[in-house]
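The sequence and structure come before the text.

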Amino acid sequence: MQNTYCEIDLDKPKQDAFVYAIKNHYWYQMYIDDLPIWGIVGEADENGEEHYLWTYKKLEIGYNGNRIVDVNLTSEGKVKLMPNTRIAMSYSVKWKKSDVKFEDRFDKYLDPSFFQHRIHWFSIFNSFMMVIFLVGLVSMILMRTLRKDYARYSKEEEMDDMDRDLGDEYGWKQVHGDVFRPSSHPLIFSSLIGSGCQIFSVSFIVIIVAMVEDLYTERGSMLSTAIFVYAATSPVNGYFGGSLYAKQGGRRWIKQMFIGAFMIPAMVCGTAFFINFIAIYYHASRAIPFGTMVAVCCICFFVILPLNLVGTILGRNLSGQPNFPCRVNAVPRPIPEKKWFMEPAVIVCLGGILPFGSIFIEMYFIFTSFWAYKIYYVYGFMMLVLVILCIVTVCVTIVCTYFLLNAEDYRWQWTSFLSAASTAVYVYMYSFYYYFFKTKMYGLFQTSFYFGYMAVFSTALGIMCGAVGYMGTSAFVRKIYTNVKID
């Protein structure tokens, strides 16, 4: 039956707060057994001069056996807001039997008309066609071009020394003595590659688990799964980061291990703690409890760090030897002048356009599910987009690296990483457009919350794309220099 649960003494500040909430169409979200329900604070009259508060909440709960399968909320009891009055807030609960199965209770919250719209299918098809086109283009251009290069280099081998000296030598073979030179700042570079490989592993595993387990049916299960998988895949970070650092002749491997282990957690926790202070100031329910902060720090020190150490030791011992197909010259070769569009800075800026184009539409659906409170459930689409993104990224970075090496510029390592990672810049720029044109957020708390977490998301995506681009390009570079005969 209807029951009063609290009374409000409506003084002037409280009345102003309610009026502000009603004018701005504030609504609230609650959960009963993980099922979300929404309600609106109040409404104004036609002229917008009088404001009314909904004071009576009617809950209708459907049950099947001993499980809750459906929840509905109706707001009634409209009371005019007047200062110096006392308003009673009440609720009632009506239980009814339902035929809905417990496994299907979230179906009414899913929005097939939005997520499975023709535009979504068309975007996937469009990206898939881009992949076929890019792979075909890369294969055709590089195979034809490399075949000509190999033929030219074989012909040069048959010349005598005088003819070779008089010949016009150019191309990627000329930098064979420098192409496997350690990158600048190898410690940071190795840590980024290791972190990117770990982020890719986490993304791949979490999407598969979400496809199998329907993680959207339990509140917070996606985040819990991601944290668990991230901690469990820490050896991946240590293995790839540690082995790359050892191949590049790095000696401060313990420092590299610490930086690789704490790079992503420090970025995420630092942003979350900053936003948390703002949330505490605004008395927001989004504030993270202190106990949760301590638990996350304990996971970093007692789980992630030891597993990262194991991965680093394995990486250094199993694949840490520099087994390059070409000997590295003692003195670096001078880099010749080239056209402006072949400069690494230009390649980096242009490299992220195609990968961003392949995930552009999916970003809209992901942003909408996160910021507009829709439940994202089409993880098959997300897996397809992840695969497409990786293929497009590798193809683009291979082409960029080939043209850079052909211009006799051997600084391909950072260039391949940054050209792929620049996808994150375009994603973050898109988030600005989404904020101003697709959301109605405003104020310090909402702005910092949105742009803070979007910065974390974009940075993690950039590190992952950079690592994928570098790994693919590294295999390509090793392959072409293995097949050419070098004195």
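## Nonpolar cores

The largest nonpolar core has 109 residues, and those with the most contacts inside it are Trp-172, Phe-367, Tyr-376, Tyr-450 and Tyr-481. A nonpolar core is a set of buried Ala, Val, Leu, Ile, Met, Phe, Trp, Tyr and Cys residues joined through side-chain atoms within 4.5 Å. Buried means under 20% relative accessible area, exposed means over 50%, and partly exposed lies in between (1.4 Å probe, protein chains only). This core draws at least three residues from each of domain 1 (3-109) and domain 2 (117-153 + 173-483). Apart from it lies another core, of ten residues, including Ala-21, Leu-53, Ile-87 and Met-89.

The model is a predicted one, in which local features need pLDDT of at least 70 and side-chain atom pairs count only at pLDDT 80 or more, while totals for chains, interfaces and linings use all residues. Residues are numbered from 1 along each chain as its sequence is written, and side-chain values use heavy atoms, with hydrogens and water left out.

Not counting residues up to four places away in sequence, Tyr-450 touches Phe-367, Trp-371, Ser-431, Tyr-434, Tyr-435 and Met-441. Contact here means heavy atoms within 4.5 Å.

## Two domains

The domain assignment divides the chain into domain 1 (3-109) and domain 2 (117-153 + 173-483); such bounds come from an automatic or database domain assignment. Taken over C-alpha atoms, the centres of domain 1 and domain 2 are 44 Å apart.

How many residues of domain 1 are in contact with domain 2? Ten residues of domain 1 are in contact with seven residues of domain 2. Between them the two domains bury about 770 Å², 57% of it on carbon and sulfur atoms. Buried area is the accessible area (1.4 Å probe) that two parts lose on being put together, summed over both. Tyr-31, Asp-34 and Phe-106 supply 53% of the area that domain 1 buries against domain 2, more than any other three residues.

Between domain 1 and domain 2 there are zero salt bridges, and one residue pair is in polar contact, with both residues at pLDDT 80 or more. A polar contact is a pair of N or O atoms within 3.5 Å; within protein, one must be able to donate a hydrogen and the other to accept it, and residues adjacent in sequence count only if both atoms are side-chain atoms. On the side of domain 1 that touches domain 2, strand β2 (residues 27-32) gives the most, with three residues. Helices (H or I, at least four residues) and strands (E, at least two) are DSSP runs, numbered from the N terminus.

Asn-237 sits in helix α7 (residues 234-247) and is buried, with a relative accessible area of 1%. Its side chain makes a polar contact with the side chain of Gln-198 (2.9 Å). Leaving aside neighbours within four places in sequence, the contacts of Asn-237 include Ser-191, Gly-194, Gly-260 and Asn-308.

Ser-422 is in the loop between α13 (412-421) and α14 (423-438). Ser-422 is buried too, at 7% relative accessible area, and touches Val-348, Cys-349, Gly-351 and Gly-352, not counting residues up to four places away in sequence.

His-176 belongs to the loop between α4 (161-166) and α5 (186-213) and is partly exposed, with a relative accessible area of 21%. His-176 and Leu-405 are 229 residues apart in sequence but 9.5 Å apart in space, C-alpha to C-alpha.

## Salt bridges

Side chains of opposite charge can pair when their charged atoms come close. The whole structure holds 13 salt bridges, each being a side-chain nitrogen of Lys or Arg within 4 Å of a carboxyl oxygen of Asp or Glu. The table gives three of them.

| Pair | N to O distance |
|---|---|
| Asp-9 and Arg-86 | 2.5 Å |
| Glu-76 and Lys-58 | 3.8 Å |
| Lys-338 and Asp-409 | 2.9 Å |

Asp-9 lies in strand β1 (residues 3-10) and Arg-86 in strand β7 (residues 85-97), so this pair ties together parts that are 77 residues apart in sequence. Asp-9 is partly exposed at 43% relative accessible area, whereas Arg-86 is exposed at 54%. Glu-7, Asp-9 and Arg-86 are linked in a network of salt bridges.

Glu-76 is partly exposed at 31%, and Lys-58 is partly exposed at 34%.

Lys-338 and Asp-409 are both buried.
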